[in-house]
Amino acid sequence: MKKYLLSMILLMLFILSGCIKPQEDKLSISLNPGVDTIEINSSYIDPGAKASYGFVELTASIYINTLDITQLGTYEIVYKVTYKTIEKEVKRIITVVDETPPVMTLNPGVDTILLGGNWIDAFVSVSDNSEQEVEIAILGEVDTQTAGIYIITYVATDISGNESRIMRYVEVIDLNTI
Amino acid sequence: MRGMDVKKIILLFVTITSTIFMLWVTNPSFDVNINESIDLMRKVESYDEAIQLSYIYDVDFISYSDYGFATYQSKANMTSYLIDEGFIEEGISMQAFYEINSHMDDPYSNQQYAIDLMELESTWNYSTGSTSIVIAIIDSGIDTDHEEFGGKISPLSYNSRTKQVGLSYIEDDTGHGTMVAGIIGAKHNNFKGIKGVMAQTTLLIIKANNLDNPSTPDQDESTLYADSSIIEGIYYAVEHGAHVINLSLGGKSANPLTEEAVEYATSQGVIVVAASGNDGTNEKLYPASFDDVISVSSVGQTKLISSFSNFNNKVDISAPGEAIVTTYTDNDYVSASGTSFAAPQVSGIIGLLLAHKPNQTPAEILHRITTTAMDQGAIGKDDYYGYGVINAYQAIKLDYFIVTFDTQGGTIIDSIMVQSNQTFSVTNPLKEGYTFEGWYLDQAYTQPFQMGVNYITADTTLYAKYQINHYTVTLIGFNGEISTQTLPYQTIFNDDPDQVIGYHFMGWFYQSSFDTPAVNHIVTSDITLYAKYEINIYTIFYFVDGNKVFEETINHGEIPNLYEPNPYQMTILGWYTDSLLLFPYTPEAITNHLVLYGKVDYTMLHVTYYDYDQTTVLLYEVVSFGESVSAPEAPIKPSSASLSFVFTGWSDESSIVTSNKQIYPIYELIYHPDTIYLLPGIDTINLGDDWTDSSIFLNDSALRLELTGEVDVLTIGRYLIIYRIYYGDIELDIFVRSIHVIQKEEIIDITIQPSITTLYQGDTYIEKGAISSVGEVVIIGEVDTQTPGIYQIIYQVMYRDQIRQKSLYVYVLEREVIPIDTLYVSKENEVVIS
């Protein structure tokens with residue numbers, strides 16, 4: 001009889017264990033690793049988050065997403081996982097920055113001129129990931145009255161202060177020395 | 001021996017030996033201390049100048065001599081500077097004294113072997129000297145009380161160091177001077193001591209030695225002689241009547257002021273005799289080794305050189321200097337050795353020679369003693385004995401005459417001394433243009449003198465006789481014909497050669513190539529002269545219809561090619577020698593000017609003008625010679641994009657026609673440079689990038705472009721592309737494009753590694769870093785996960801001159817505090833615990 005009673009209790013414990021209240025600390029959600037400081041106007045692939053209850057893998061869903069990659073700033077993606085009556089969430093903060101300097105190319109020009117001639121700066125073409133206005137400073141000048149090699153340096157600065165430079169060699173030639 | 005005890009001899013010997021030793025070790029020329037003061041000398045004009053110089057050069061003035069020099073003292077380290085400035089380092093001489101052999105307290109003249117050796121007894125038959133012969137002895141003074149010198153010492157005797165005159169200033173303090181003086185002038189036949197070389201003489205004693213310095217007990221400075229004292233003594237002796245100066249002393253320095261003093265003495269007829277030195281080496285000591293000084297070496301009784309005697313090529317003569325018995329201080333006598341005692345033998349003998357025959361020059365005296373010396377050692381003059389050991393007797397009895405040579409303009413021959421009854425000969429004199437014939441005793445050439453055969457019996461002048469030389473002048477004439485003339489020296493040759501028909505004579509020349517003319521050649525040697533001829537040139541004049549149409553020149557003898565006029569103008573039918581055209585001319589060898597007259601036939605001419613293309617005929621006409629043709633209207637040549645043409649004229653502008661003509665238009669080419677230009681391109685390129693030549697804008701098919709130069713985009717540098725524009729072969733323009741290949745700026749690409757950057761307080765931040773395409777990544781900044789906040793990690797790469805940064809922002813959030821109680825309260829009803 002005692003033996004029966006013991007086996008019954010064990011059976012009850014087993015059955016009741018299936019109806020046990022879900023445990024909060026067994027539910028976990030965590031971020032997948034990613035690069036969350038990103039360049040403006042670049043593309044961003046969300047690395048997502050992973051969630052589990054004990055050994056059971058669960059799917060984390062995006063709960064909030066404020067990311068605007070065309071604007072500098074700080075944005076959030078919040079992931080959430082729900083298991084039975086409990087739920088947990090995790091936050092990913094994304095920073096959109098501009099650290100890419102502008103890209104410049106020389107425009108074709110006539111950069112070999114005769115002594116005393118006229119030099120016209122053909123300038124440069126510039127583009128920048130910010131899609132904002134880029135300032136271009138021109139360093140150096142050409143003395144067309146003196147034969148020699150002159151270097152014109154174009155310095156492009158974008159709105160975030162990123163800077164790039166490119167050089168144009170201009171030669172004032174005395175035909176008598178050729 | 002007089003009663004002199006042995007102890008005294010030993011004591012003296014020890015004293016003397018130590019003195020000799022000290023001489024060697026204190027020789028100043030071997031012992032110069034750089035910090036010690038040194039003695040200097042300098043020639044000066046006056047006392048004032050001497051003082052002035054001491055201020056100018058900061059040297060201490062010591063003394064001034066009326067003989068034109070001053071002495072100074074200075075620091076040794078200033079020596080080379082002061083010597084450059086004209087100062088002379090003062091040397092030191094020492095007594096040429098080798099050793100004292102023994103003191104003679106009972107001396108005998110028969111111990112004086114030198115008297116026999118030099119044959120003095122026989123010499124004294126000629127002369128025993130004279131009180132008028134003054135022998136100066138520059139030495140340590142003299143024992144003025146010595147019986148051997150009574151009345152012989154000149155009252156003008158002098159202390160040249162202190163510059164004091166008189167017997168009281170010349171007392172001998174070393175004994176050396178007394179020893180030297182006795183050899184020259186000890187009395188004869190006084191029943192005392194020894195015999196000097198000269199029985200009668202005046203001794204001008206010049207005491208020149210230094211004072212002994214009592215503060216240096218191991219040195220005896222009184223045996224040393226400063227150059228200044230010696231020089232002072234030499235001048236003093238010359239000025240005070242000395243005939244001979246004896247210097248039994250010597251030093252290693254050849255002081256030029258000493259040499260000057262010696263040369264002065266010789267120039268005044270004073271003979272200077274000095275000791276060669278006692279080192280037993282070939283070292284030259286001075287003053288003995290100056291040219292004007294008779295240097296005396298020492299021999300012993302067997303006439304063999306003394307071991308201590310210095311030998312060198314300056315030694316003139318030798319004399320006994322070993323174990324010489326002579327006077328000594330304290331009225332004493334010693335036997336001593338040294339060249340110090342050889343020199344006074346020579347000085348004394350010279351005194352005898354002068355007493356016997358006054359007014360002999362130093363050269364004559366030297367000749368006399370050297371030619372009669374007893375040859376020893378190597379035959380003739382040698383370094384040890386000079387000419388040999390002096391022989392007073394042979395020297396005094398030598399009789400010779402002086403032969404002078406009048407060479408009549410030939411090479412100069414110095415006079416010679418010849419002994420009577422001896423033949424002699426000299427090298428024949430040379431005289432340009434003359435040949436020496438022989439010597440004559442008279443200027444009229446009546447008494448010939450045959451060298452090597454005839455003698456002379458008195459001083460004689462010989463006259464040279466010459467024969468004038470004759471030379472052969474070889475003359476090369478026309479066509480190499482040779483003739484000769486024999487002409488005496490210095491004849492002027494200017495003959496004209498024979499005339500040659502058809503040629504004229506241009507003159508004589510020294511070369512067959514006629515480079516240098518020989519105008520009025522003066523004969524001084526055999527010579528060949530070349531005659532230059534030039535051919536005659538004639539003119540031929542050609543006349544047609546009374547007008548001269550041509551003239552030409554032609555060499556004599558040539559046959560003319562007759563003139564052919566322009567065939568478009570006329571054809572020649574024949575040339576005649578007369579204007580009436582009666583006598584035709586046949587060409588023949590020309591011998592004169594010629595005038596010819598032509599008979600002619602005139603001809604027709606063709607004229608063609610061409611269009612701008614230089615091929616199409618624009619105008620064609622046929623005219624006769626001398627007619628005119630009008631040119632057509634100028635043809636227009638069309639322009640191209642870069643060129644235009646302006647007609648400037650015809651290739652032949654003359655309207656009168658004298659030949660067939662083909663006439664082309666000529667254009668000026670006008671180039672419009674603005675029509676050609678460089679096209680824009682990108683000519684500053686990065687290393688390794690492509691470069692494309694954007695070339696030039698050229699739109700004229702009449703022009704041609706040539707391009708040179710290339711660009712190596714794989715090598716940094718400046719490249720030139722040169723574009724040349726040609727019209728035919730004419731380079732019209734040039735363009736240059738300079739391309740610069742420059743170092744490429746590397747693109748620094750930083751890739752941040754994925755990581756979790758949104759954290760809660762207390763989480764662990766794992767730094768995953770970043771990867772760069774070039775360079776090294778440096779991580780700046782850290783994350784404190786215990787403190788909430790925003791952290792910036794900077795990944796920085798520096799590459800060459802560039803810096804590139806990329807940021808990563810890490811957020812540490814405050815951990816949400818979950819109110820545990822509330823959680824459980826709200827969920828309580830749902831919890832079933834059995």
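**Exercise 1.** In this predicted model, which elements of chain B have the lowest and the highest mean pLDDT, and over which residues does pLDDT stay under 50?

*Solution.* Begin with the elements of chain B: helix H1 (residues 6-25) of chain B has the lowest mean pLDDT, at 32, whereas strand E12 (residues 244-247) of chain B has the highest, at 97. Next, turn to the residues themselves, where pLDDT stays under 50 over residues 1-34 of chain B, a stretch with 27 contacts beyond four places in sequence. Residues 819-834 of chain B also have pLDDT below 50, with six contacts in the model beyond near neighbours in sequence. Where pLDDT is low, the predicted coordinates should not be read in detail.

**Exercise 2.** What span should helix H9 (residues 339-356) of chain B have at 1.5 Å a residue, and how many of the residues of H9(B) are buried?

*Solution.* The expected span is 1.5 Å times one less than the number of residues, so the 18 residues of helix H9 of chain B should span 26 Å, and this agrees with the 26 Å between its end C-alpha atoms. As for burial, 17 of the 18 residues of H9(B) are buried, and therefore the helix is largely enclosed by the rest of the structure.

**Exercise 3.** How many residues of chain A are in contact with chain B, and how do they divide into nonpolar, polar and charged?

*Solution.* First, 30 residues of chain A are in contact with 31 residues of chain B. On the side of chain A that touches chain B, the elements giving two or more residues are strand E7 (86-97) and strand E13 (163-173) of chain A. The residues of that side divide into 17 nonpolar, five polar and eight charged. For the complex, the predictor gives an ipTM of 0.82 and a pTM of 0.46.

Key. Residues numbered from 1 in each chain as written. Chains lettered and ligands numbered in written order. Predicted model: local features only at pLDDT ≥ 70, side-chain atom pairs only at ≥ 80, totals over all residues. Helix = DSSP H or I, 4+ residues; strand = E, 2+ residues; numbered from the N terminus. Buried ≥ 20, exposed ≤ 12 C-beta atoms within 10 Å, placed from the backbone. pLDDT = per-residue confidence, 0-100. Contact = placed C-beta atoms within 7 Å. Nonpolar A, V, L, I, M, F, W, Y, C, P; charged D, E, K, R; others polar.
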